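The briefing is meant for a reader who is new to looking at protein models.

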Amino acid sequence: MEHIQEANFLKEKLRDAKRVLIGIGGEWKAEGKLSDERNCKVKAAYEGLYQLVKDKDYFIVTTLTDGVIYETQLDGQRIVAPCGNIHWRQCSRACTTDIWEENEVVDGVCHHCGAMLTANTIQADPYIEEGYLPMWKKYQLWLSATLNRELAVLELGEGFRTPTVIRWPFEKTVFFNQKAWMFRVNQEFYQVTAEIKERSTPVAEHSAKFITEAAGCF
């Protein structure tokens with residue numbers, strides 16, 4: 001492993017942290033079910049992440065819409081997906097704020113207006129946000145209790161496609177919490193801002209690979 005020092009430092013920070021804030025971005029995108037053979041690397045990364053944080057008070061924000069994180073051992077009540085989830089359904093005309101599970105409406109038709117249902121993700125036009133808002137409120141409450149407490153921040157594979165969800169808010173959290181330390185792990189966008197560079201560890205590595213190896217899951 002090329003980044004042994006960073007991995008060991010990560011585990012040290014996780015051990016000492018009171019809470020752990022995690023952001024998961026595009027480098028963790030899966031194709032189909034997590035159990036599919038082509039997703040073995042992503043599956044190993046999620047398993048590794050679980051092993052690293054299973055005994056911690058953590059919360060995860062993901063910009064992925066593939067929904068596979070809910071197929072892992074990670075606690076679904078500690079995960080928010082603000083960009084939606086392809087396994088949730090909404091009315092394509094947005095005639096209602098109702099959100100359905102993938103197989104909840106057998107015929108795939110909105111019973112309010114007769115329009116077809118579509119995936120409840122940011123690709124929907126318009127996007128019905130009610131699907132994630134309850135968990136977002138829970139996340140905000142959890143986050144408010146991290147101020148001035150030892151906080152480990154893991155930003156994993158997030159770029160600039162939706163920087164207002166993870167990248168910029170995480171930087172702000174670290175800036176205001178003097179007891180926070182951030183690990184920004186990304187094959188391309190690993191750089192950190194000058195304002196938080198003294199309390200950050202940039203890691204130029206594919207984040208799924210880094211977490212898998214750091215956890216010792218091969």
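This is a predicted model: local features need pLDDT of at least 70, side-chain atom pairs count only at pLDDT 80 or more; totals for chains, interfaces and linings use all residues.

**Aromatic rings**

- A pair of aromatic rings is described by the distance of the centres and the angle of the planes.
- The rings of Phe-160 and Phe-189 have centres 5.3 Å apart and planes at 90°, and because planes over 60 degrees apart count as edge-to-face, this pair is edge-to-face.
- Phe-160 sits in the loop between strand E7 (151-156) and helix H4 (167-176), while Phe-189 sits in the loop between strand E8 (180-185) and strand E9 (200-203), so the pair ties together parts that are 29 residues apart in sequence.
- Another edge-to-face pair is formed by Phe-175 and Phe-176, whose ring centres are 5.1 Å apart and whose planes stand at 85°.
- Phe-175, which is found in helix H4, is partly exposed with a relative accessible area of 40%, whereas Phe-176 counts as exposed at 53%.
- Together with Leu-147, the residues Phe-175 and Phe-176 make a nonpolar surface patch of about 330 Å².
- Elsewhere, ring pairs link Phe-59, Tyr-127, Tyr-132, Trp-136, Tyr-139 and Trp-142 into a cluster.

**Charged side chains**

- Side chains of opposite charge can pair when their charged atoms come close.
- Arg-19 forms a salt bridge with Asp-57, and the closest N and O atoms of the two are 3.0 Å apart.
- Arg-19 counts as buried at 12% relative accessibility, whereas Asp-57 is partly exposed, with a relative accessible area of 23%.
- Asp-57 also forms a salt bridge with Arg-78, where the closest N and O atoms are 2.7 Å apart.
- Because Asp-57 lies in strand E2 and Arg-78 in the loop between E2 and strand E3 (79-80), this second pair ties together parts that are 21 residues apart in sequence.
- Arg-78, which is partly exposed with a relative accessible area of 26%, lies over the face of Tyr-58, at 5.4 Å from the ring centre.
- Arg-19, Asp-57 and Arg-78 are linked with Asp-75 in a network of salt bridges.
- A further salt bridge joins Glu-205 and Lys-209, with the closest N and O atoms 4.0 Å apart; Glu-205 counts as buried at 10% relative accessibility, while Lys-209 counts as partly exposed at 39%.

**A leucine in strand E7**

- Leu-151 lies in strand E7 and has a relative accessible area of 3%, so Leu-151 is buried.
- Leaving aside residues up to four places away in sequence, Leu-151 touches a set of residues that includes Arg-19, Trp-142 and Trp-181.
- Arg-19, one of these contacts of Leu-151, is the residue that forms a salt bridge with Asp-57, and Trp-142, another of them, is part of the cluster of linked rings.
- Leu-151 and Leu-34 are 117 residues apart in sequence, and their C-alpha atoms are 29 Å apart in space.

Key: Residues are numbered from 1 along each chain as its sequence is written. Side-chain values use heavy atoms; hydrogens and water are left out. Rings of Phe, Tyr and Trp (its six-membered ring) pair if their centres lie within 6.5 Å; planes under 30 degrees apart count as stacked, over 60 as edge-to-face and the rest as tilted. Helices (H or I, at least four residues) and strands (E, at least two) are DSSP runs, numbered from the N terminus. Buried means under 20% relative accessible area, exposed over 50%, partly exposed in between (1.4 Å probe, protein chains only). A charge sits over a ring if NZ of Lys or CZ of Arg is within 6 Å of the ring centre and within 35 degrees of the ring normal. Patches are made of residues with over 30% relative accessible area and no salt bridge: like charges are joined within 9 Å, nonpolar side chains (Val, Leu, Ile, Met, Phe, Trp, Tyr) within 5 Å. Accessible areas come from the Shrake-Rupley method with a 1.4 Å probe; for residues, only the protein chains shown count as cover. A salt bridge is a side-chain nitrogen of Lys or Arg within 4 Å of a carboxyl oxygen of Asp or Glu. Contact means heavy atoms within 4.5 Å.
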